[in-house]
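Work through the exercises below with the sequence and the model at hand. Each task is followed by a solution in steps.

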Amino acid sequence: PWQFICTRDEAWPGRRERVDAGLLRQVIAPGSEPRTTVMLCGPPAMIDTLSQACEKTLHTQVLYEKWW
């Protein structure tokens, strides 16, 4: 299943909270990690931190877009 999480957009109708490695562990079902792709978009420091956590800790594939 898809999970969409937005940090700041007040108009976003879905889940809104700060994305970190702990949140990703909550939303990625145990045992599904190798088949999971995480797509991230944000400032470079956030992307670098989260993509490393995803690849090393959660063993997921990461796609990302850095902005700023």
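This is a predicted model: local features need pLDDT of at least 70, side-chain atom pairs count only at pLDDT 80 or more; totals for chains, interfaces and linings use all residues.

Residues are numbered from 1 along each chain as its sequence is written, and side-chain values use heavy atoms, with hydrogens and water left out.

**Exercise 1.** Describe the place and the contacts of Arg 16.

Step 1. Arg 16 sits in strand β2, residues 15–16; strands (E, at least two residues) and helices (H or I, at least four) are DSSP runs, numbered from the N terminus.
Step 2. Its relative accessible area is 38%, so Arg 16 is partly exposed (buried means under 20%, exposed over 50%, partly exposed in between; 1.4 Å probe, protein chains only).
Step 3. Leaving aside residues up to four places away in sequence, Arg 16 touches Cys 6, Asp 9 and Glu 10, where contact means heavy atoms within 4.5 Å.
Step 4. With Glu 10 there is a side chain to side chain polar contact at 3.0 Å (a pair of N or O atoms within 3.5 Å; within protein, one must be able to donate a hydrogen and the other to accept it, and residues adjacent in sequence count only if both atoms are side-chain atoms).

**Exercise 2.** Which elements give two or more residues to the largest nonpolar core?

Step 1. The largest nonpolar core has 12 residues, including Val 19, Leu 23, Ile 47 and Val 62. Such a core is a set of buried Ala, Val, Leu, Ile, Met, Phe, Trp, Tyr and Cys residues joined through side-chain atoms within 4.5 Å.
Step 2. The elements that give two or more residues to this core are α1 (21–27), β3 (37–42) and α2 (44–58).
Step 3. The largest share, four residues, comes from α2.

**Exercise 3.** Locate Thr 36 and decide: buried or exposed?

Step 1. Thr 36 lies in the loop between α1 and β3.
Step 2. Thr 36 is buried, because its relative accessible area is 16%.
Step 3. The side chain of Thr 36 reaches the backbone oxygen of Ser 32 at 2.8 Å.
Step 4. Not counting residues up to four places away in sequence, Thr 36 touches Ile 28, Thr 60 and Gln 61.

**Exercise 4.** Which residues does Val 27 touch, not counting residues up to four places away in sequence?

Step 1. Val 27 is one of the residues of the largest nonpolar core.
Step 2. With that sequence limit, Val 27 touches Gln 3, Ile 5 and Arg 15.
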